[in-house]
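Let's take a friendly walk through one part of a protein fold. Have the sequence and the 3D view ready.

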Amino acid sequence: MDMPLPLTEQDADALIGDMGRRARDAARVLAGAPTARKAEALRGSAALLRERSAPILSANAADMARADASGMTAAMKDRLQLDEERLEGVASALEAVAGLDDPVGGLVDERTRPNGLVLRRVRVPLGVVGIIYESRPNVTADAGALALMAGNAAVLRGGSEARASNAAIHAALADGIEGAGLPRDAVQMIPTTDRAAVGALLRAQGLVDIIVPRGGKGLVARVQDEARVPVLAHLDGINHSFVHASADKSMAEAIVVNAKLRRTGVCGATETLLIDRTYPHGAALVAALADAGCVLRGDAEAQVLDPRITAASDEDWDTEYLDAICSVRIVGGVDGAIAHIAAHASHHTDAIIAEDEAAAARFLGEVDSAIVMWNASTQFADGGEFGLGAEIGISTGRLHARGPVALEGLTTYKWQVLGTGQIRP
Ligand SMILES: NC(=O)C1=CN([C@@H]2O[C@H](COP(=O)(O)OP(=O)(O)OC[C@H]3O[C@@H](n4cnc5c(N)ncnc54)[C@H](OP(=O)(O)O)[C@@H]3O)[C@@H](O)[C@H]2O)C=CC1
């Protein structure tokens, strides 16, 4: 699928310009496509994924071999790897999206003015959505499917380590879409791993309506510097679990171990444990993590709790490890936790574990993150777990949609004004 490298800026602009124009044409068709047709496209794609499981898994094996050779971490390889069961999960997710309620045309609200004008807000697709994401092949299917079902055309740019898997999955999706009589260009995959194409996508004003960047610090910096297209940021998860003085001991241990270690490579994993200075079971809490194989780095007060905690540096409070490593800080009550989170969180997901309702209410009200939780694991940060069927990812920005983004988050609305001849005085 790769074009010759390196791409000049002009080559990249020409490539994205052409893809963007084709996407725009496809988006016009999709905006009016019947729900049944979109669902048929996704069910057809799911069937093709199953039919083509052997070539898709061998494409994935090629990606995995390159990952091994390049020394990719175990957590990153876990995200990249497919097997029969995971591929079945990808196909089933397409069918699940096909069964979701179509948001397009839905009535958001309606009111009648004293002059008799009827004002309605009706859901419409965003248009052309550019999605830049990590080396996780299932996202190719999930993102393409959600964009399509919400009536949008998608231009996908997956992580370079997953290029063979992505190309194989994308081909099944495009064939399924075409097989249902919808434009093949509805979901396009950028055919190069050259990052010049990411720059061109970020500059594609007028061709791309919104960019969803899913990724970490390198991507954040580039998006902040270069984006000319509106951005729905899906960025890193520097997430906190705060154990309040009133927390139940066994609940706190179970939640914290799960939040940190269930899958260390997902963006909803906890990276920093905050312990209330007056919580009486701090030593048992950190021991539960250390015994489960987690490396702990703490401030001086935390280090007193367990000899296995080494000294944290300032950098640790701003680090997303995506690994079995956790920073631990002792804080003074809810105020201390809120202050630490305000200074170091990435506004993704933060949780309080507490029996005290007033403490929890303050945390839920005052922590400014897309998802705030009470007595639950931060690993629940997931569209499927929220009952949305699937997700593009977790929006960490402030506008339009926050937290798990699925069909509704991929739409906007327009006003329909119904008169009976009114003129404005
Ligand atoms: N909020 C959310 O929903 C999600 C957030 N994440 C976050 O993603 C990060 C982990 O994934 P990781 O694989 O490290 O992600 P990266 O940020 O390294 O990569 C993500 C995508 O961005 C591209 N990219 C990265 N840097 C640049 C750049 N400077 N210029 C152009 N393109 C760039 C990558 O391309 P290339 O292949 O060329 O490297 C890849 O396609 C974590 O921080 C995690 O929290 C992950 C999933 C969901």
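This is a predicted model: local features need pLDDT of at least 70, side-chain atom pairs count only at pLDDT 80 or more; totals for chains, interfaces and linings use all residues.

Start with the open sheet of seven strands, which pair in parallel in the order β10-β9-β11-β8-β7-β12-β13. At its edges sit β10 (309–311) and β13 (371–374), each pairing on one side only. On average, neighbouring strands of this sheet are turned by 25° against each other, direction ignored.

Now look at one end of that order. Four bridges join β12 and β13 in the parallel sense, and T349 has I371 in β13 as its bridge partner.

## Two helices

Helix α10 covers residues 249–261, 13 residues in total, and spans 18 Å from first C-alpha to last, close to the 18 Å expected. Its buried residues are A252, E253, I255, V256, A259, K260 and L261. Those buried residues pack against the strands β7, β8, β11 and β12, and also against helix α11 (282–291).

Helix α14 (residues 357–366) lies across β7, β12 and β13, and runs at about 175° to β13.

## Two positive phi angles

Most residues other than glycine have a negative phi. L322 is not a glycine, yet its phi is positive, at about 50°. You can find L322 in the loop between β10 and β11, where L322 is buried, with a relative accessible area of 14%.

N375 is also not a glycine and has a positive phi, of about 55°. N375 lies in the loop between β13 and β14 (393–395).

Key: Residues are numbered from 1 along each chain as its sequence is written. Side-chain values use heavy atoms; hydrogens and water are left out. The expected span of a helix is 1.5 Å times one less than its number of residues. Buried means under 20% relative accessible area, exposed over 50%, partly exposed in between (1.4 Å probe, protein chains only). Contact means heavy atoms within 4.5 Å. Two strands pair if DSSP finds at least two bridges between them. Axes are lines fitted to C-alpha atoms, for helices over the stretch in contact, and angles run from 0 to 180 degrees between N-to-C directions.
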